Every structure is written in C-alpha cells, then in structure tokens.
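Hi there,

Here is the structure I promised to pass on. Please have a look at it first, and then read my notes below.

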Amino acid sequence: MLLRYITSKTLTIVLLVEWLISIIYSYFIIPPRVDDGYYLMPALSVANGYPPGIFFGEEFRSLFFILPTQPFINGLFLSLISLFGFEFDIYSYRLLNFIVTIIVLIFITFLLNDITKSHKYHNLTTNIFLIIISLTPFATNFYVNRPENMGLLLLFLAIYLVNRISFYKKNELSLMFSIGILIGITATIHPNFTLFSSIIFLIAGYKFFINDSTKKSRILMFSIGLILPITIFSSWILYNFEIASDQLLNRIDEISHPGSFISIPESFSVIF
C-alpha cells in the first residue's frame with residue numbers, strides 16, 4: 001500500500017502543488033534578502049537602457065563582482081513587462097525568478113519522468129526528488145533573485161536536448177545551435193555553473209564529436225552556439241578589464257565605500 005502511494009502520480013501532483021504554494025507564498029509574503037539588492041541595481045540599470053551597473057551620484061559604474069548575465073536578462077524582462085503597464089517594484093523585479101522557479105520544478109519533474117518512463121516505478125524517482133530538495137538549501141533560497149534558478153533551468157534544458165537530439169533529425173542543426181547557446185549562457189551565469197556547463201560540454205562532446213557519424217555541420221552549429229555567448233561575455237569583461245579585474249578579485253571597495261549601498265526599497269528611485 002505504501003509503495004503504491006509513494007510511486008503514484010497523485011503524490012507527484014500533491015508535492016508539486018505544495019511547492020507551488022510555497023513559491024507563491026514566498027513571492028508575496030517573504031521580504032527580500034540582501035542578495036536581492038546586489039542583483040536589483042544592475043537589472044534596473046539595464047531596464048533603463050544602461051549596462052549592468054549602478055549610479056553613484058552622477059557617476060555610473062559597471063558591476064562585475066556579480067556576473068552581469070542574470071541581471072542583464074532580468075533587466076530585459078523588466079523592460080518587456082513595462083510595455084504592458086508593469087511598474088518597477090519589488091514584485092515585478094522578482095517576477096522572472098518566480099516564473100523560472102516554477103518552470104524549473106515542473107521541467108525537472110517532466111525530465112525525470114521521461115528518463116525513467118520505462119521503469120515500473122518511474123514516479124518514485126520524481127517523488128523522491130521533490131521530497132529531498134525540500135531538505136536542501138534550495139528550499140530556503142529559491143525565492144531569492146539570484147542566478148542559480150536560471151542556471152538550473154538552462155542546464156537541465158541543455159541536458160534534455162542533448163538526450164533528445166536523435167529524435168529531431170529534421171531540426172538537428174537548429175537544436176545543435178540551441179544546445180551550444182544554452183551551455184554557453186549557463187557558463188556565464190555564475191562561477192558554479194561554469195563548472196557544471198563544462199561537464200555538460202564534455203558529455204555533449206562525447207556524444208557529438210567522438211561519434212564518427214556526426215556531421216561536420218552539426219559540430220559547426222554547436223560550436224557557433226557555444227562560442228557566441230561566451231565571446232560576448234568575454235568581450236564585455238575585456239572592454240572593462242580594469243574595473244572587472246578589480247571587482248572579480250573581490251576588491252568591491254573600488255566601486256563603493258562602506259555604507260554606500262542603499263536599501264532595496266530606495267533602489268527603485270535611485271536609478272531614475
């Protein structure tokens with residue numbers, strides 16, 4: 001009886017609903033944390049037509065002590081939703097992370113079911129996963145607008161496409177390009193994901209490059225997709241090398257003096 005329940009689809013749905021309630025509760029009730037402020041300012045600067053950075057008085061300084069990819073994407077998202085009447089506030093700022101977190105849980109659930117669908121107890125893996133992550137730091141940090149959730153989504157999407165490429169022969173070149181793009185962007189999201197994306201690159205390399213039957217066109221499209229976001233990211237770092245090198249070496253005092261970082265509510269007015 002117990003085995004039937006813990007391997008049932010009903011339990012999967014119950015666990016997903018509980019996670020959904022937690023995500024919605026955290027979005028509307030739990031106040032922002034300090035890390036939200038660090039990723040807020042560069043996102044707001046992008047939303048207002050500037051590179052990821054912050055204004056100190058009349059001076060604009062690009063930020064690199066956090067990697068700029070996630071704030072840049074969030075800033076573009078804020079610009080997009082502003083076209084539909086959304087104002088820049090603490091809810092719209094966290095909206096992308098809210099959406100991404102929900103998609104991550106649903107997508108990983110789908111991915112695990114797809115991988116284990118031939119097994120008699122294929123729901124067991126999914127249910128164990130949804131229970132175990134409630135005991136990890138993910139359960140206490142998923143609502144913080146940091147790059148990890150976006151990195152997870154890009155990483156698992158790349159894994160899914162690598163495993164499914166053989167089923168999409170007609171669109172294999174576009175899929176190869178997409179896989180490369182996903183791995184490339186993931187590598188620039190956060191230093192942790194630079195390592196994770198390298199592992200996925202090795203897996204993809206084994207699957208696509210060592211295989212003698214792999215067409216050169218597939219390898220070319222994968223390489224272009226991979227190199228493109230890394231080249232853009234690296235070019236931006238090199239263009240601002242002096243500032244970036246200082247900040248990436250944790251010399252944050254170069255961009256702000258002690259006590260100069262303002263509170264999160266005040267952040268929404270300083271950029272205008």
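The structure holds 17 aromatic pairs; rings of Phe, Tyr and Trp (its six-membered ring) pair if their centres lie within 6.5 Å, with planes under 30 degrees apart counted as stacked, over 60 as edge-to-face and the rest as tilted. One of these pairs is Tyr27 with Phe28: the ring centres are 4.8 Å apart and the planes stand at 85°, so this pair is edge-to-face. Tyr27 is buried at 10% relative accessible area, whereas Phe28 is partly exposed at 48% (buried means under 20%, exposed over 50%, and partly exposed in between, with a 1.4 Å probe and protein chains only).

Before going further, a word on the model: it is predicted, so local features need pLDDT of at least 70 and side-chain atom pairs count only at pLDDT 80 or more, while totals for chains, interfaces and linings use all residues. Residues are numbered from 1 along each chain as its sequence is written, and side-chain values use heavy atoms, with hydrogens and water left out.

Back to the rings. Phe107 and Phe110 have their centres 6.3 Å apart and their planes at 35°, so they make a tilted pair. Both sit in helix H6 (residues 95–115), three residues apart, which means about one helical turn between them; helices here are DSSP runs (H or I, at least four residues), numbered from the N terminus. Phe107 is buried, at 16%, and Phe110 is partly exposed, at 40%. There is also an aromatic cluster formed by Trp19, Phe138, Phe142 and Tyr143.

Next, the surface. Leu20, Ile24, Tyr25, Phe28, Ile29 and Tyr91 form a nonpolar patch with about 580 Å² of accessible area together (patch residues have over 30% relative accessible area and no salt bridge, and nonpolar side chains are joined within 5 Å; a salt bridge is a side-chain nitrogen of Lys or Arg within 4 Å of a carboxyl oxygen of Asp or Glu). Helix H2 (residues 9–28) gives the most to this patch, with four residues. Tyr25 lies in helix H2 and is partly exposed at 49%.

And inside? There are two cavities of 30 Å³ or more (on a 1 Å grid, a cavity is a set of points where a 1.4 Å probe fits but cannot get out, and lining residues have an atom within 4 Å of a point). The largest cavity holds about 70 Å³ of space. Its lining includes Tyr27, Phe142 and Tyr143, along with Arg94 and Asn97. H2 and H6 are the elements that give two or more residues to that lining.

Best wishes

Technical notes: Patch = residues over 30% accessible without salt bridge, like charges linked within 9 Å, V, L, I, M, F, W, Y side chains within 5 Å. Areas by Shrake-Rupley, 256 points an atom, 1.4 Å probe, with all protein chains shown as cover. 1 Å grid on protein atoms, 1.4 Å probe; cavity = no way out; pocket = protein on both sides within 12 Å on 5 of 7 lines; lining within 4 Å. Points joined across faces, edges and corners; volume = space filled by probe spheres on them.
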